[in-house]
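Thanks for making the time this morning.

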Amino acid sequence: MIRQNLKLTLAEKLYFPAIFKGMLVTLKHLIRPHKRVTIQYPEERRDKPAGYRGFHRLNKDEQDRIKCVACEMCATACPANCITIEPVPTPPEWTDRERMPERFDINMLVCIYCGMCEEACPVDAIELTKIHDWAAYSREEMIWNKEKLLKMYDITTDEKVMAEMGLTLNPKDKKTAA
Ligand code: SF4
Ligand code: SF4
């Protein structure tokens with residue numbers, strides 16, 4: 001309620017009621033501490049829920065080769081137009097596919113983390129991970145290339161590394177973990 005013709009009492013002028021109210025709140029928390037809601041980030045991290053969409057990775061097959069067949073379905077599906085792929089023919093000994101990406105870039109600053117690329121991929125070669133906090137000194141560094149995206153696969157399938165980052169391994173990665 002708005003007080004008309006506001007006239008402060010002497011106690012109000014001295015801020016006593018406000019200070020007393022504040023002290024009561026502090027005292028209440030001292031006597032009956034509430035559950036801590038903050039964490040010591042980055043030493044402590046919260047695990048992300050299933051389906052969380054962080055930075056991408058490019059998956060590898062059982063022979064440790066890039067899974068991607070450079071079909072460009074992900075780039076076509078991407079609403080942000082932030083995937084660049086340059087396909088090349090596979091080496092003759094790769095008899096299971098004809099193309100692979102020579103270049104595979106994702107501009108992580110343009111990406112909206114919608115997951116459409118993952119949905120569109122016919123061979124489960126691109127996937128969004130739970131990692132979201134990856135800093136860089138320049139915008140260029142946030143354009144992740146093929147090597148970096150494959151490195152992300154190594155990181156996110158290594159149970160020990162994931163545990164150090166306070167993250168749990170995706171159950172489907174268990175069999176591929178070192
Ligand atoms: S998550 Fe969405 S915006 Fe980001 S690369 Fe994939 S399709 Fe594009
Ligand atoms: S990641 Fe999947 S959808 Fe994208 S080019 Fe490679 S195989 Fe095709």
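This is a predicted model: local features need pLDDT of at least 70, side-chain atom pairs count only at pLDDT 80 or more; totals for chains, interfaces and linings use all residues.

**Strands, cavities and ligands**

Let me start at a single spot in the sheet, where asparagine 107 stands opposite isoleucine 143 in E5. Residues are numbered from 1 along each chain as its sequence is written, chains are lettered from A and ligands numbered from 1 in the order in which they are written, and side-chain values use heavy atoms, with hydrogens and water left out.

The sheet itself is open and has three strands in the order E2-E3-E5, with antiparallel pairing. Its edge strands, each pairing on one side only, are E2 (83-89) and E5 (143-144). Helices (H or I, at least four residues) and strands (E, at least two) are DSSP runs, numbered from the N terminus, and two strands pair if DSSP finds at least two bridges between them.

Now to the empty space. Rolling a probe the size of a water molecule over the atoms shows where empty space is left. On a 1 Å grid over the protein atoms alone, a cavity is a set of points where a 1.4 Å probe fits but cannot get out, a pocket is an open set with protein on both sides within 12 Å along at least five of seven lines, and lining residues have an atom within 4 Å of a point. Grid points are joined across faces, edges and corners, and a volume is the space filled by probe spheres set on the points.

How many cavities of 30 Å³ or more does a search of the whole structure find? The search finds three. The largest cavity holds about 80 Å³ of space, and among its 15 lining residues the closest to its centre are His56, Cys78, Cys111, Cys114 and Cys117. That lining has 13 nonpolar, two polar and no charged residues, where Ala, Val, Leu, Ile, Met, Phe, Trp, Tyr, Cys and Pro count as nonpolar, Asp, Glu, Lys and Arg as charged, and the others, Gly among them, as polar.

Which ligand takes up the space of the largest cavity? It is ligand 1, given that a molecule sits in a cavity or pocket if more than half of its atoms lie within 2 Å of its grid points. Ligand 1 has 13 residues around it, of which Cys78, Cys111, Cys114, Gly115 and Cys117 come nearest; a residue is near a molecule or strand if one of its heavy atoms lies within 4 Å of it.

The second largest cavity, with a volume of about 70 Å³, is the space taken by ligand 2. Of its 13 lining residues, Cys68, Cys71, Cys74, Phe104 and Cys121 lie nearest the centre. Around ligand 2 itself there are 14 residues, the closest being Cys68, Cys71, Glu72, Cys74 and Cys121, and this shell divides into 13 nonpolar, no polar and one charged.

The largest pocket holds about 370 Å³. Its lining of 21 residues has Tyr52, Glu127, Leu128, Lys130 and Asn170 nearest its centre, and by class it divides into seven nonpolar, six polar and eight charged.

Finally, two backbone details. Most residues other than glycine have a negative phi, and most peptide bonds are trans. Alanine 70, however, has a positive phi of about 55° although it is not a glycine, and this alanine is found in the loop between E1 and helix H3 (73-77). A cis peptide bond, with omega about 10°, joins tyrosine 41 and proline 42, and proline 42 lies in the loop between H2 and E1.
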